[in-house]
Amino acid sequence: LIERAKKIFPNEKIVPNVFSLDTNIIDLDWIENKMIEYGIKQKDLVKHLAIGKSELSKIMNGTTGLSNRTKASFYFYFLTFELNKSFRDYLNNDKS
């Protein structure tokens, strides 16, 4: 990608920008708020994230801590809902 950018902008300095997820923002309150925002139930999370019922229950009641991998899973799961909602809103406004 950097090489393609250099060809397009030969006189510019190309500096890669790598996304780094700050997992400190993701906690049980964050997850619960996103569930409410998107109308998602725990049974949906079990299906969509391939998490067992008992494992999800332990996560949601605080028995099992949230690993960075689990936090990332929740982050990108809800990001997909957000992007899909934004895209649907865009399409609906475009038709008006």
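Student: Let me start with one residue. Is Ala 50 buried or exposed?

Tutor: First, keep in mind that this is a predicted model. To judge exposure, look at the relative accessible area, where over 50% counts as exposed. Ala 50 has a relative accessible area of 71%, so Ala 50 is exposed.

Student: Where does Ala 50 lie?

Tutor: Ala 50 sits in the loop between α3 (42-49) and α4 (53-60). Check its backbone too. The phi of Ala 50 is near 55°, a positive value in a residue other than glycine.

Student: Now a helix. Which residues of α2 are buried?

Tutor: Start with the general idea. An α-helix has 3.6 residues a turn, so residues three or four places apart point the same way. Now the case here. Helix α2 covers residues 28-38, and its buried residues are Trp 30, Ile 31, Lys 34, Met 35 and Tyr 38. Seen down the axis of α2, these buried residues fall within an arc of 135°, so they line one face of the helix.

Student: Which residues are exposed on the other side of α2?

Tutor: Asp 29, Asn 33 and Ile 36 are exposed there.

Student: What should I look for at the two ends of α2?

Tutor: Take the start. A side-chain oxygen of Asp 27 comes to within 3.2 Å of the backbone nitrogen of Asp 29. Then go to the other end. Just after α2, Gly 39 has a positive phi of about 65°.

Student: What about Glu 32? How far is its C-alpha atom from that of Met 60?

Tutor: The two C-alpha atoms are separated by 8.5 Å, while the residues are 28 apart along the chain. Glu 32 belongs to helix α2. Its relative accessibility is 33%, so Glu 32 counts as partly exposed.

Student: Next, charges. How many salt bridges does the structure hold?

Tutor: The idea comes first. Side chains of opposite charge can pair when their charged atoms come close. This structure holds 3 salt bridges.

Student: Can you show me one of them?

Tutor: Take Glu 3 and Lys 6. Their side chains meet in a salt bridge at 3.9 Å, N to O. Both residues lie in helix α1 (residues 2-8), 3 residues apart, about one turn of the helix. Glu 3 is exposed, with a relative accessible area of 52%. Lys 6, at 40% relative accessibility, counts as partly exposed.

Student: Let us turn to rings. How many aromatic pairs are found?

Tutor: A search of the whole structure finds 9 aromatic pairs. To read a pair, check the spacing of the ring centres and the angle of the planes. Tyr 38 and Phe 81 form a tilted pair, 5.8 Å centre to centre, with 40° between the planes. This pair links distant parts of the chain: Tyr 38 is in helix α2 and Phe 81 in helix α5, 43 residues apart. Tyr 38 is buried, with a relative accessible area of 16%. Phe 81 is partly exposed at 27%.

Student: Which residues form the aromatic cluster?

Tutor: One cluster is formed by Phe 19, Trp 30, Tyr 38, Phe 74, Tyr 75, Phe 76, Tyr 77, Phe 78 and Phe 81.

Student: Last, the surface. Which residues make the nonpolar patch?

Tutor: Phe 87, Tyr 90 and Leu 91 make a nonpolar surface patch of about 320 Å². Tyr 90 lies in helix α5 (residues 68-95). Its relative accessible area is 53%, so Tyr 90 is exposed.

Terms used: Residues numbered from 1 in each chain as written. Predicted model: local features only at pLDDT ≥ 70, side-chain atom pairs only at ≥ 80, totals over all residues. Heavy atoms only, no water. Buried < 20%, exposed > 50% of the residue type's maximum accessible area, 1.4 Å probe, protein only. Helix = DSSP H or I, 4+ residues; strand = E, 2+ residues; numbered from the N terminus. Arc of directions from axis to C-beta. Polar contact = N/O pair within 3.5 Å; in protein donor to acceptor, adjacent residues only side chain to side chain. Patch = residues over 30% accessible without salt bridge, like charges linked within 9 Å, V, L, I, M, F, W, Y side chains within 5 Å. Areas by Shrake-Rupley, 256 points an atom, 1.4 Å probe, with all protein chains shown as cover. Salt bridge = Lys/Arg side-chain N within 4 Å of Asp/Glu carboxyl O. Phe/Tyr/Trp six-rings, centres within 6.5 Å; stacked < 30°, edge-to-face > 60°.
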